[in-house]
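Work through the exercises below with the sequence and the structure open beside you, and try each task before you read its solution.

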Amino acid sequence: MEEGDRLDPIGQLAAEFETGRGTVQAALKLLIDEGALEVDALGKRGSFIKKLNREKLLQLGDLTSIIGVMPVAISTIHYGLSTGLHYAFEQTDIPLVLAQLRGAKNRLHFLRTGRCDFAIISRMSWLQEADKGDLLLLFGFGPGSNVANHALLMPRKHDNGIVDGMRVGVDPTSHDHFLMALKECEGKSVQFIEISYGESIPKLLSGNIDVSICSESIANLPSELKIVPLQYQEVHRDTNTEAVLVVRNNSKWIEDLIQNRIDPAFIATIQSNVVNGKEKPVF
């Protein structure tokens, strides 16, 4: 609720929470005594919220931290996103626990099962999940906030591009990795090998696969490997390079808290500073 909102009558609250009127009155008194709530009682007009201390409310509700999951940080772009999220939550005085987990499908599973409060995924992943109706996109961080761009990663001994007979490493837990691999291999006779995208480099060096999808901004690339532009790199470019923040659509307090207190433009600025070396990363 917000300051100025009218509180429901005691009897209505007791019925909603299936408890006695005295329990509701004691709960409201506790909130007032602890400084979480100030109320204006206006007789027949009802009682209205005069002041609301969200941090105290969260503390009294034993909701003292927010848990989020984001992609495994393998580039300065993710370092910057992590740093921006940490700094943004610091300004709200609400501790953030930020975990790193590979694969949007894995992160969304954690979100749907209540193991975290929000997840960072690509906009392309969101478009694959939006019609299920159980999640809500709160905001995006702009093109380039998830990866700079995608490309092929392959040994230098190969010609540029994917050809028949190649073994293509693909991570099925990642919407982006899977969909772009399918698009790039369209019309070609290839063998898909299931990998974690974090295993791409060792799998290529060991000869277990011939090619995989990666970010163009991959760091510390071995000399035996090369980056090759995707044939379809402009398809869905903005949707697969933008990071977005999603929550469960039944977690109203998380939705309100993040929308009212977290500024995505501030996070994007911090991310840019880290990417450009103007700020040290925190993750």
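**Exercise 1.** Which strand gives the most to the lining of the second largest pocket?

*Solution.* Before starting, note that this is a predicted model, in which local features need pLDDT of at least 70, side-chain atom pairs count only at pLDDT 80 or more, and totals for chains, interfaces and linings use all residues. Residues are numbered from 1 along each chain as its sequence is written, and side-chain values use heavy atoms, with hydrogens and water left out.

Begin with the terms: on a 1 Å grid over the protein atoms alone, a pocket is an open set of points where a 1.4 Å probe fits, with protein on both sides within 12 Å along at least five of seven lines, and lining residues have an atom within 4 Å of a point. Helices (H or I, at least four residues) and strands (E, at least two) are DSSP runs, numbered from the N terminus. Next, list the elements that each supply at least two lining residues, which are helix 5 (104–112), helix 7 (175–184), helix 8 (200–206) and strand 10 (211–215). Strand 10 gives the most, with three residues.

**Exercise 2.** Describe the lining of the largest pocket.

*Solution.* First, find the 26 lining residues, of which Met 1, Phe 17, Leu 31, Leu 52 and Leu 57 lie nearest the centre. Then look for the largest share, which comes from helix 2 with six residues. Finally, sort the lining into 18 nonpolar, three polar and five charged residues, where Ala, Val, Leu, Ile, Met, Phe, Trp, Tyr, Cys and Pro count as nonpolar, Asp, Glu, Lys and Arg as charged, and the others, Gly among them, as polar.

**Exercise 3.** Describe how helix 4 and helix 11 cross.

*Solution.* Start from the axes, which are lines fitted to C-alpha atoms over the stretch in contact, with angles from 0 to 180 degrees between N-to-C directions. The axes of helix 4 (residues 76–90) and helix 11 (residues 264–275) come within 7 Å and cross at roughly 135°. The two helices are therefore oblique to each other, since angles under 35 degrees count as roughly parallel, over 145 as roughly antiparallel, 65 to 115 as roughly perpendicular and the rest as oblique. As a last step, look at the contact (heavy atoms within 4.5 Å), in which residues of helix 4, including Thr 76 and Tyr 79, meet residues of helix 11, among them Phe 266 and Ile 270. The residues of this contact divide into eleven nonpolar, five polar and no charged.
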